[in-house]
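Please report on the accessibility of selected residues in the model shown below, and on its overall architecture.

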Amino acid sequence: MLSTFIDFIHALSMIVWVASMPFLFWHRWKTASIIAACYNLFFITVNRLGHWLLGECVLTRLARECGGTQDPEFFVVRVS
């Protein structure tokens, strides 16, 4: 159950990452642009560090360690 919740948070963070990208180029709301820039910087840094150090995303490894399946299937498939 915990691994499914972690996978859900993983999917949600990816959706927020993609949805916040327009704010990097559209500066009508300055606060939203700053928050989007910080979130994108954090997301990409953690993602790249995870792949460099662990060979996979940090949240994928955490879900697997918390009792998730050992299958390499895409995590959104398990949640749906």
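Cysteine 66 is partly exposed, with a relative accessible area of 32%, where buried means under 20% relative accessible area, exposed over 50% and partly exposed in between (1.4 Å probe, protein chains only). This is a predicted model, in which local features need pLDDT of at least 70 and side-chain atom pairs count only at pLDDT 80 or more, while totals for chains, interfaces and linings use all residues. Residues are numbered from 1 along each chain as its sequence is written, and side-chain values use heavy atoms, with hydrogens and water left out.

| Residue | Relative accessible area | Class |
|---|---|---|
| Cysteine 57 | 16% | buried |
| Cysteine 66 | 32% | partly exposed |
| Glycine 67 | 61% | exposed |

The structure holds zero disulfides (pairs of cysteine sulfur atoms within 2.5 Å).

Glycine 67 is placed in the loop between helix H3 (58–65) and helix H4 (75–79). Its C-alpha atom is separated by 6.2 Å from that of serine 3, a residue 64 positions away along the chain.

The protein has four helices and zero strands, in the order α-α-α-α from the N terminus; helices (H or I, at least four residues) and strands (E, at least two) are DSSP runs, numbered from the N terminus. Of the 80 residues in the protein, 24% are buried. Among contacts (heavy atoms within 4.5 Å) with a separation of 6 or more, 52% join residues 24 or more positions apart. The protein exposes about 5900 Å², with 73% supplied by carbon and sulfur atoms; accessible areas come from the Shrake-Rupley method with a 1.4 Å probe, and for residues only the protein chains shown count as cover.
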